[in-house]
Amino acid sequence: MRFTPDYLLTDPDEVKRLIRENPWATIVSSPATGMVASHYPVLLEEDAEGISIVSHVGRPDERLHELGQHEVLVIIQGPHGYVSPGWYESEDFVPTWNHVTAHLYGTPELLSDDENFTVLGRLVDHFEQRMPQPVSLQIDESAARHIATGTVGLRLRVTRFDARLKLSQNKEPAVVERIVKHLEGDGAYSSPSLAAEMRRANPVIA
């Protein structure tokens, strides 16, 4: 990402929150055959030292990415959206795009079949917990294990990250408040999740 010091997000705990709340990730590699990108859900390992995530890829993505052989980039995209200069109520006519984004780097560790199945089970349980009648891989473990053979589990211990929190920090509080009100409204570019991030980053606004 472009180096923008005013928007740097350096707190690992905030990056962890971003991963928890936005678990659909993009995995990017640069293997010998050329750039590869894939998209998979990730799960934060809460008890790990530092930032560590687990996931899986469908075969043959592990070979396409050459997972375990080199560093990969995992992109976590939080709330984002267009900000119209019409919301500024000033002579400023330049629009922008607010966003919360983290780039995570590390060399993946491939998991054993058993650990991969455990991770898959945790992923299912994590997302099913909101459902009125949660489904589990344990309903038919034998069939689930057979399906799991088409996947490869991975763990990424993040060695470095580059994150941005671009939420109109360069604007006056009154302008930020107007932007938030529009994002919370029902207009063409409404985004309650982005508005919530702006309120979190700007606690002084009403």
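Modeller: The expected span of a helix is 1.5 Å times one less than its number of residues. Helices (H or I, at least four residues) and strands (E, at least two) are DSSP runs, numbered from the N terminus. This is a predicted model, in which local features need pLDDT of at least 70, side-chain atom pairs count only at pLDDT 80 or more, and totals for chains, interfaces and linings use all residues. Residues are numbered from 1 along each chain as its sequence is written, and side-chain values use heavy atoms, with hydrogens and water left out.

The helix is α3, residues 113-128. Its 16 residues should span 22 Å at 1.5 Å a residue, and the end C-alpha atoms are 22 Å apart, which agrees.

Which residues of α3 are buried? Buried means under 20% relative accessible area, exposed over 50%, and partly exposed in between (1.4 Å probe, protein chains only). In α3 the buried residues are N116, F117, V119, L120, G121 and L123. An α-helix has 3.6 residues a turn, so residues three or four places apart point the same way.

The buried residues of α3 pack against strands β3 (36-41), β4 (43-44), β5 (52-58) and β9 (151-157), and against helix α4 (141-148); contact here means heavy atoms within 4.5 Å. Helix α3 lies across β4, β5 and β9, and runs at about 100° to β5. For such angles, axes are lines fitted to C-alpha atoms, for helices over the stretch in contact, and angles run from 0 to 180 degrees between N-to-C directions.

Strands β4, β5 and β9 belong to an open sheet of four strands, with the order β4-β5-β9-β8 and antiparallel pairing; two strands pair if DSSP finds at least two bridges between them. The edges are β4 and β8 (109-110), each pairing on one side only. Between β8 and β9 there are two bridges, in the antiparallel sense, and L110 has L154 in β9 as its bridge partner.

That leaves the cores. A nonpolar core is a set of buried Ala, Val, Leu, Ile, Met, Phe, Trp, Tyr and Cys residues joined through side-chain atoms within 4.5 Å. The largest one has 38 residues, of which V15, I19, I53, V74, I76, L104 and I179 touch the most other members. Helix α5 (residues 173-184) gives the most to this core, with five residues. A second, separate core of five residues includes L43, L111, V119 and L123. Of these, V119 and L123 are among the buried residues of α3.
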